[in-house]
Amino acid sequence: MTAPNTASADVSLRQFLSRLSVEPMALAEFLQDPRSVIKRFALDEPGRTALTHGYELQMWELLLRLPVTPWPEADGAANGQAAGSQHGSLTVVGTGIRTLGQLTAEAIAWMKVSDTVLYAVVDPVAEEVIRTLNPAGALSLMGYYVENMARDLTYEAMVNHIVSCVKAGQRTCVALYGHPGIFAYPAHEAIRRLRREGFQARMLPGVSAEDCLFADLGVDPARTGCQSIEASHFLLFDKTIDATSALILWQVGAVGDNTYHSGRYKLDAFPLMASKLSDVYGGSHVATVYEAAILPGMVPRVKQVAIENLTPDDVTPASTLYVPPSKRRVLNRELASRLGLYRDRRKR
Ligand SMILES: C[S@@+](CC[C@H](N)C(=O)[O-])C[C@H]1O[C@@H](n2cnc3c(N)ncnc32)[C@H](O)[C@@H]1O
């Protein structure tokens, strides 16, 4: 085997991949026919070999402009993608909370190249994007939501629909708002069932409401730790909630109601949730009701309320509650100093 030749006037792997990162339509074409895009963009020979054979080490060396290790003797699977044993595939993508700006190039590319795009989004901009990208294959799953019906029945129907498209041999894309794996049982369940039957099925990450919250409220989950819990689960399960850490409560605007409503939810359980929160964090402790902006140029809705004053009127189905820590963390000084991570200033 000869060492890869890195001297070329063509486009380097670094340039090629950076171009695909910002050109979703080229990425879509690459997903369907990598060779033609590689040729059209004039990717150099080392980049071409490393990329088409999925030689990860050599890709890093090319990207970091290091000397390149000779190609392996035996070729790996082309492009490093583990193909399923069956025809038909599933790719689940997220549209972000604010479609304009939060839709990834990869999500756009998959929506473009799929035979069918099944979607459940609440933002008309996201729906317009999906239908424009794939006019022939776009189909809304929102019709499975029925007023006052248990949401788990809706989810089961969605899973069956997704699985049947893949089994019919279609390259299927499912687009859900936010991150498609957060509070998205149908996506995870469809992937589980399809993989069990030998189909290729995967999920790509998206921008979630929690991601927006960290950015908009300026909180870093690394500082004190952060518990992220669904509101009804917080209420119904015996959990040890740590008041030295922040708490993010999802679906506070639907707490205690497992049916679907297009408008407001029945919030009889809301005072119980607020009372449990008060027991852990204290009634006078101030929490933030948060709603990320969906449209460009809009500001998020941020309302600060003492836990004892929280009422159902403070929330909507799109609200997430952020509770900062109310107790100080206690450092294990003995362990920290043994590890050299703590110096007692009083001894200086
Ligand atoms: C079914 S979950 C969907 C979560 C979504 N997949 C994600 O990645 O953010 C619905 C919950 O997400 C949160 N959520 C949705 N939209 C939001 C927004 N614009 N701002 C804040 N939280 C939001 C709320 O807690 C809401 O009850």
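The model is predicted. The domain assignment gives domain 1 (13-73), domain 2 (86-207) and domain 3 (210-323). The ligand lies between domain 2 and domain 3, because both give residues to the shell around it.

**Domains and ligand**

- The centres of domain 1 and domain 3, taken over C-alpha atoms, are separated by 44 Å.
- The shell around the ligand holds 19 residues.
- Gly-178, Phe-183, Ser-208, Ala-209 and Ala-292 come nearest to the ligand.
- By class, this shell has 12 nonpolar, 6 polar and 1 charged residues.

- An open sheet is built from 5 strands in the order 3-2-4-1-5, and the pairing is parallel.
- Strand 3 (138-140) and strand 5 (200-203) are the edge strands, and each pairs on one side only.
- From one strand to the next, the twist averages 20 degrees.
- Strand 2 (residues 116-120) and strand 4 (residues 171-176) run parallel and are joined by 5 bridges.
- Opposite Ala-120 stands Leu-176 in strand 4.
- Helix 10 (residues 185-196) lies across strand 1 (89-94), strand 4 and strand 5. Helix 10 runs at about 155 degrees to strand 5.

- Another open sheet has 5 strands in the order 6-7-10-8-9, and the pairing here is mixed.
- Strand 6 (226-230) and strand 9 (301-306) stand at the edges. Each has a single partner strand, so one side of each is left without a neighbour in the sheet.
- The twist in this sheet averages 20 degrees from one strand to the next.
- Strand 6 pairs with strand 7 (residues 246-250) in the parallel sense, over 5 bridges.
- Ser-228 has Ile-248 in strand 7 as its bridge partner.
- Helix 11 (residues 209-217) packs on this sheet. Helix 11 touches strand 6, strand 7, strand 8 (286-291), strand 9 and strand 10 (320-323).
- The direction of helix 11 makes about 50 degrees with that of strand 10.

**The helix pair**

- The axes of helix 4 (residues 45-53) and helix 5 (residues 56-63) come within 8 Å. These axes cross at roughly 145 degrees.
- The crossing of helix 4 past helix 5 is left-handed.
- Helix 4 brings Pro-46, Gly-47, Ala-50 and Leu-51 to the contact. These meet Gln-58, Met-59 and Leu-62 in helix 5.
- By class, the contact has 5 nonpolar, 2 polar and no charged residues.

Methods: Residues are numbered from 1 along each chain as its sequence is written. This is a predicted model: local features need pLDDT of at least 70, side-chain atom pairs count only at pLDDT 80 or more; totals for chains, interfaces and linings use all residues. A residue is near a molecule or strand if its C-beta atom, placed from the backbone, lies within 6 Å of it. Ala, Val, Leu, Ile, Met, Phe, Trp, Tyr, Cys and Pro count as nonpolar, Asp, Glu, Lys and Arg as charged, and the others, Gly among them, as polar. Domain bounds come from an automatic or database domain assignment. Two strands pair if DSSP finds at least two bridges between them. Helices (H or I, at least four residues) and strands (E, at least two) are DSSP runs, numbered from the N terminus. Axes are lines fitted to C-alpha atoms, for helices over the stretch in contact, and angles run from 0 to 180 degrees between N-to-C directions. Two residues are in contact if their C-beta atoms, placed from the backbone, lie within 7 Å. A crossing is left-handed if the near helix is turned anticlockwise from the far one by less than a right angle, and right-handed if clockwise.
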